[in-house]
Amino acid sequence: QTSRSAAAQVASGTNSFLFGNGSTAAKTDAIVIGNGCSVTSGASIYGCVVIGRSSTVTNGTCYVIGDSCSASGDYSCFVVGYGSSVSGQAAVALGQSCSATASYSSARGYSALASRIGQWSYAAGAFAASGDAQSARFVLRKKTTDATPTTLMLDGATTRLTIPSGK
């Protein structure tokens with residue numbers, strides 16, 4: 001890179017690659033392309049890809065493409081867009097200002113919020129906050145071995161689907 005404002009803005013991770021001003025590739029097998037992007041922090045980070053501007057990966061093996069996006073979820077997570085983020089394990093955010101905060105969740109569109117296990121959310125805007133004007137889809141499951149009624153759960157065990165106050 002031809003310009004940096006800190007000594008740490010280099011490709012210091014084993015087998016890492018960096019192209020862009022003010023960026024950091026501090027973890028093993030990281031690829032960073034863009035201005036002000038970084039792959040840093042978490043011990044479990046390896047094999048991450050960040051392409052864009054001002055986007056970051058701080059945990060897990062994540063892929064981020066866009067402007068001002070972030071990923072901190074464990075395992076593989078994927079973020080594409082503008083101002084979107086993933087903090088849930090194996091989660092996905094696609095679009096503008098979308099956020100996937102729960103494990104195995106997906107937020108797509110504009111201002112979608114996926115905050116419950118396995119939730120698929122789509123929004124094309126919001127009233128006042130992300131997630132207050134969206135559609136959502138869930139898969140509920142529970143194994144039973146007899147004819148006794150049983151309550152379905154988001155994780156198949158103990159996590160109930162609840163409706164937050166005001167939604």
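Trainee: How many bridges join strand 11 to strand 13?

Mentor: Happy to start there, keeping in mind that this is a predicted model. Strand 11 covers residues 92-96 and strand 13 covers residues 106-110, and the two run parallel. Within that pairing, Ala93 stands opposite Ala107 of strand 13. The number of bridges joining them is five.

Trainee: Which are the edge strands of the open sheet of seven strands?

Mentor: Good one! The order in this open sheet is 2-4-6-8-10-12-14, with parallel pairing. An edge strand here pairs on one side only.

Trainee: Which residue in strand 12 stands opposite Val86?

Mentor: Look at strand 10, residues 85-86, and strand 12, residues 99-100. They run parallel and are joined by two bridges. The residue facing Val86 across that pairing is Ala100.

Trainee: Which elements give two or more residues to the largest nonpolar core?

Mentor: That core has 25 residues, and those touching the most other members are Val39, Val57, Val64, Ala71, Val79 and Val86. Take Ala71: leaving aside residues up to four places away in sequence, its contacts include Val57, Val64, Val79 and Val86. The elements that supply two or more core residues are strand 7 (61-67) and strand 9 (76-82).

Terms used. Residues are numbered from 1 along each chain as its sequence is written. This is a predicted model: local features need pLDDT of at least 70, side-chain atom pairs count only at pLDDT 80 or more; totals for chains, interfaces and linings use all residues. Side-chain values use heavy atoms; hydrogens and water are left out. Two strands pair if DSSP finds at least two bridges between them. Helices (H or I, at least four residues) and strands (E, at least two) are DSSP runs, numbered from the N terminus. A nonpolar core is a set of buried Ala, Val, Leu, Ile, Met, Phe, Trp, Tyr and Cys residues joined through side-chain atoms within 4.5 Å. Buried means under 20% relative accessible area, exposed over 50%, partly exposed in between (1.4 Å probe, protein chains only). Contact means heavy atoms within 4.5 Å.
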